[in-house]
Amino acid sequence: MTYVGQSANQPDAAVRRSGTTRASLRDVVGAYVGLTKPRVIELLLLTTVPVMFFAARGVPELGLVAATVIGGTLSSGSASALNCVYDRDIDEQMRRTRRRALPRHVVTPVAATVFGVVLGVLATVVLWTWVNPLSAMLALAAEAFYLVVYTVLLKRRTTQNIVWGGLAGCFPALIGWTAVTGELAWAPVVLFLVVFFWTPPHTWALALRYREDYANVDVPMLPVVARAEVVGRQIVLYSWAMVATSLLLWPVADTGWVYPAAAVVLGAVFLVEAHRMWGRTKGTEDLTLIQPMRLFHSSNLYLSLLFVAVALDPLLTR
């Protein structure tokens with residue numbers, strides 16, 4: 001059972017014509033850049049670099065940071081490009097994604113596949129050579145998990161797709177730590193879990209906004225198969241787990257005062273926003289009343305500021 005209308009979302013005229021229109025060099029370059037999903041890269045680097053500062057208890061060696069950023073960018077771009085290849089059939093039908101390179105036929109599936117594989121190989125070489133083998137293997141594991149477990153096995157089959165598939169997006173916390181220390185520890189595991197619990201509220205808020213798109217392509221995101229009130233309740237539960245987990249870093253890693261203070265304030269603000277959205281779902285499916293994008297944008301701000309606090313804590317309290 002779905003809780004959205006079943007309207008057809010066909011690509012617009014510009015998209016349909018793009019297959020027969022010769023693209024300019026600028027269009028092609030932009031299309032390849034778009035395949036890497038730059039906004040996703042930004043988010044992943046946001047959870048990598050601050051952890052490097054935290055692991056170094058100060059400013060890490062800048063060459064190491066540069067190599068980790070380059071390797072992480074290439075790895076994330078590779079996973080995103082190959083995801084676009086696999087999902088090109090549904091991307092063409094969804095309003096949110098039909099302007100991507102493959103639905104517009106600016107890049108062929110074969111070219112996108114080669115591009116993604118090359119980026120993945122380069123990412124492994126960069127991380128293995130200029131960072132360390134452990135970080136390289138973690139990045140490779142994250143990419144494989146995202147492509148095989150999430151994209152192929154879970155996304156089109158279960159409402160839990162983003163819960164477990166979102167694990168791939170948690171690896172940067174581990175990679176940032178191992179890039180500096182060469183080994184794993186409990187501190188990055190706590191941050192890994194923070195991102196794990198953050199992912200469902202973040203993604204479900206966006207999926208609630210675009211649930212008709214997901215319904216039209218038979219992707220069973222939770223907001224497609226459940227009432228908005230149920231989604232809101234799940235978001236609140238995961239939000240509480242996220243905030244509680246974030247506070248564990250204080251005793252586990254013996255942080256200074258900056259991080260716990262930020263975690264408490266940011267967590268409280270996020271919980272208020274999550275509860276408010278849940279309240280707005282009571283008795284309605286009207287998205288103009290629910291305003292799920294408010295929570296989506298709040299989730300981006302929460303994660304950004306929390307990891308900024310991770311980086312600043314050793315700089316301000318050592």
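An axis here is a line fitted to C-alpha atoms, for helices over the stretch in contact, and angles run from 0 to 180 degrees between N-to-C directions. Helices are DSSP runs (H or I, at least four residues), numbered from the N terminus. This is a predicted model, where local features need pLDDT of at least 70 and side-chain atom pairs count only at pLDDT 80 or more, while totals for chains, interfaces and linings use all residues. Residues are numbered from 1 along each chain as its sequence is written, and side-chain values use heavy atoms, with hydrogens and water left out.

**Exercise 1.** Find how α14 and α17 are oriented to each other.

Step one: locate α14 at residues 228–253 and α17 at residues 292–317. Step two: their axes come within 12 Å and cross at roughly 5°. Step three: angles under 35 degrees count as roughly parallel, so α14 and α17 are roughly parallel to each other.

**Exercise 2.** Describe how α5 passes α8.

Step one: the axes of α5 (residues 62–86) and α8 (residues 133–154) come within 9 Å and cross at roughly 20°. Step two: α5 and α8 are therefore roughly parallel to each other. Step three: look for contacts (heavy atoms within 4.5 Å); Ser75 and Tyr86 are among the α5 residues that meet α8, whose partners include Ala139 and Glu143.

**Exercise 3.** Are cysteine 84 and cysteine 170 buried or exposed?

Step one: buried means under 20% relative accessible area, exposed over 50% (1.4 Å probe, protein chains only). Step two: cysteine 84 has 3% relative accessibility, so cysteine 84 is buried. Step three: cysteine 170, at 1%, also counts as buried.

Key:
Helix = DSSP H or I, 4+ residues; strand = E, 2+ residues; numbered from the N terminus. Parallel < 35°, antiparallel > 145°, perpendicular 65-115°, else oblique. Left-handed = near helix turned anticlockwise from the far one by under 90°.
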